[in-house]
Amino acid sequence: MRLSTMFVPTRKEDPADAEVVSHKLLVRGGYIRMLARGIYSFLPLGWRSVRKIEAVVREEMNRAGAQEVHLPAVQPSELWEESGRWTDYGPELLRFEDRKGGEFCFGPTHEEVITDLVRGDIKSYKQLPLNLYQIQTKFRDEIRPRFGLMRGREFVMKDAYSFDTDLEAAESSYDAMFDAYERICNRLGFDFRAVEADTGNIGGSRSHEFQVLAETGEDEIVSCPECGYAANVERAEIGVEAGERDGAEMVEMSTVDTPEARTIEEISSFLDRPAEQIVKTLIYKTDDTKVAVLLRGDHQANPIKIADFLREKLDLEVTSLEMATDAEIKEVTNAPVGFAGPIEIDIPIVADLSVEAMSNFVVGANKADTHHVDVNHGRDFDVTAVGDLRLAGAGDTCAQCGGIFESHRGIEVGHVFLLGDKYSQSMEANYLDTNGKHQPMQMGCYGIGITRILAAVVEQNHDDDGIIWPMPIAPYQVLLTVLHTDNDDVMQAADAIYEGLKEQGVEVVMDDRDTGIGSKFKDSDLIGIPLRLTLGSRGIGNGQVEMKWRDSDEQFDVPVDEVVDRVASEVAARMEKH
């Protein structure tokens with residue numbers, strides 16, 4: 001292709017609504033344009049890269065034994081009602097009616113559709129295992145679409161679904177998809193972590209996110225450099241020895257006035273005690289009761305861990321977990337918000353492991369403008385149960401090996417779930433086993449964001465001048481920049497190089513526009529094609545072409561009659577690395 005005839009509308013200024021680098025550069029580089037909030041058009045360069053991402057994903061899915069299908073984007077409400085998600089999914093599900101009043105949604109995911117498809121034709125254990133995938137447009141009505149392609153409403157996703165006879169076989173399918181996702185991330189050149197994650201509204205018993213490390217990532221994850229364990233902060237298991245006091249001798253408890261000191265910062269300042277010596281009492285409400293949760297002042301509660309802990313250790317029904325209202329807190333503690341404490345309250349008390357190790361700490365006195373100091377559990381109050389109830393962070397201890405967590409920001413580009421029979425039970429997707437009995441199929445689902453990957457690649461591969469595309473997904477491999485298009489000798493040599501590269505199978509675009517040299521170089525850096533060849537009248541006079549890789553400051557001259565073979569060889573070598 002020749003830039004003089006291509007639709008590549010580059011821009012000098014960042015879009016006004018852009019907050020992250022990928023959004024800025026993909027718009028400025030002529031890759032995408034916004035149609036509405038969270039909805040983007042892909043221009044020729046952008047769509048070429050999207051197709052290359054799809055190709056990598058498709059190759060690895062096929063290699064893992066999955067078969068490609070294409071499912072309807074529009075889904076009837078009846079299927080979602082069968083699974084129970086029609087009301088549970090929330091406002092992100094775009095619902096609408098057809099002309100006859102039938103209720104439908106634009107699919108954000110396809111568990112219901114694929115389960116309906118498989119249950120209609122798979123009847124025997126002899127037909128399993130089965131893994132089906134598709135690459136298709138999805139829609140989720142995000143309340144706050146932002147960051148360009150990283151959190152859009154309409155997006156392209158690859159979603160796969162495995163069906164097995166039992167949990168052991170389903171685990172094998174899960175592991176195969178996990179391995180395929182690792183290969184995809186490695187081929188794309190990502191610095192990434194596969195982290196343990198919560199299953200969320202998809203459901204299931206096992207889940208991993210594939211997080212691309214980037215400062216602009218919305219997710220916070222921790223990893224252990226010692227054993228390699230990684231998880232998002234909601235899921236990460238913190239290694240703290242319960243029952244180990246901090247060694248301080250117990251001091252007699254006293255009560256002090258703390259006028260208007262409600263927050264941890266205010267209490268810390270007023271009492272001249274660090275946040276690490278303050279215990280906050282959070283009142284949560286479950287389906288049928290309220291619970292006090294104790295955390296160290298500098299730690300953050302983890303509602304996911306708390307809900308799981310209450311189910312497992314206190315045998316409570318917890319379909320939802322919410323913070324109590326101001327009125328409910330006063331009903332439990334007889335005090336306004338900011339002064340709740342664990343002493344003499346008549347509800348279950350659960351404490352984070354870090355609290356178990358504390359002595360002589362500060363708590364609310366269940367009275368306005370009042371706190372207790374030098375409090376000790378076991379002496380001044382009793383705890384119902386102790387567990388890991390907080391968000392993990394840098395410096396915490398790894399529960400797997402005792403190493404110290406490092407913290408990262410991440411962009412979630414893929415997510416794998418072991419669903420079990422969550423959907424097959426509710427939707428009666430059964431098979432006949434070897435004894436002729438009906439059994440629910442064991443399922444897994446596996447999503448990877450194709451268009452989000454495009455943004456994630458840019459977040460990890462750019463500099464102040466523009467994008468630096470990895471070779472496998474660059475829209476073109478080589479940019480031939482012609483400096484003097486009015487010189488017949490230059491154009492003749494450029495055309496010969498251009499045609500020679502195409503014959504060698506190199507993806508090349510020629511910048512033959514009648515524009516200034518400075519503009520051509522700026523666009524070259526902005527667009528980010530991996531290798532730039534520069535040819536001008538001086539080079540022709542010397543029989544040389546300048547070569548420069550986008551990811552290097554080095555530039556060097558190559559004889560005109562050698563450049564085609566040299567470029568083809570080096571491009572092939574870089575492709576082989578992926």
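Guide: Happy to. A contact here means heavy atoms within 4.5 Å. Please keep in mind that this is a predicted model.

With that cut-off, G46, S49, V50, I53, E54 and V57 in α2 meet I450, T451, I453 and L454 in α12.

Now for the geometry. Two packed helices are described by the angle between their axes and by the distance between those axes. Helix α2 covers residues 44-63 and helix α12 covers residues 450-460; they pack at an angle of about 110 degrees, with their axes 9 Å apart. Angles of 65 to 115 degrees count as roughly perpendicular, and α2 and α12 are therefore roughly perpendicular to each other. The crossing in which α2 passes α12 is right-handed.

From there, let us turn to N131, a residue in strand β7, which spans residues 130-139. Setting aside residues up to four places away in sequence, N131 touches G65, A66, Q67, A160, Y161, S162, M177 and Y446. N131 has a relative accessible area of 10% and is therefore buried, since the limit is under 20%.

The loop between α5 (111-121) and β7 is worth a stop too, as P129 lies there. The peptide bond joining L128 and P129 is cis, with omega at about 5 degrees. The phi of F147 is near 60 degrees, a positive value in a residue other than glycine. Most residues other than glycine have a negative phi, and most peptide bonds are trans. F147 is buried, at 11% relative accessible area.

D315 also has a positive phi, of about 55 degrees, although it is not a glycine. D315 sits in the loop between α8 and β16, and its relative accessibility of 68% makes it exposed.

Five strands form an open sheet with mixed pairing, in the order β16-β14-β15-β17-β20. At the edges stand β16 (322-323) and β20 (385-387), each with a single partner strand, so one side of each has no neighbour in the sheet. Helix α8 (residues 303-313) packs on this sheet and touches β14, β15, β17 (349-352) and β20; the direction of α8 makes about 140 degrees with that of β20. Within the sheet, β14 (residues 279-285) and β15 (residues 290-296) pair in the antiparallel sense over seven bridges, and K280 stands opposite L295 in β15.

Another open sheet of five strands, again with mixed pairing, runs in the order β28-β27-β29-β30-β31. Its edge strands are β28 (508-511) and β31 (555-559), each with a single partner strand. The twist averages 25 degrees from one strand to the next. Helix α16 (residues 563-576) packs on the sheet, touching β27 (478-482), β29, β30 and β31, and its direction makes about 15 degrees with that of β30. Strands β29 (residues 531-535) and β30 (residues 544-549) run antiparallel and are joined by four bridges; T534 has E546 in β30 as its bridge partner.

Finally, the whole chain: it has 16 helices and 31 strands, and 53% of its 578 residues count as buried.

Notes
Residues numbered from 1 in each chain as written. Predicted model: local features only at pLDDT ≥ 70, side-chain atom pairs only at ≥ 80, totals over all residues. Heavy atoms only, no water. Pairing = 2+ DSSP bridges. Helix = DSSP H or I, 4+ residues; strand = E, 2+ residues; numbered from the N terminus. Axes fitted to C-alpha atoms, helices over the stretch in contact; angles between N-to-C directions. Parallel < 35°, antiparallel > 145°, perpendicular 65-115°, else oblique. Left-handed = near helix turned anticlockwise from the far one by under 90°. Buried < 20%, exposed > 50% of the residue type's maximum accessible area, 1.4 Å probe, protein only.
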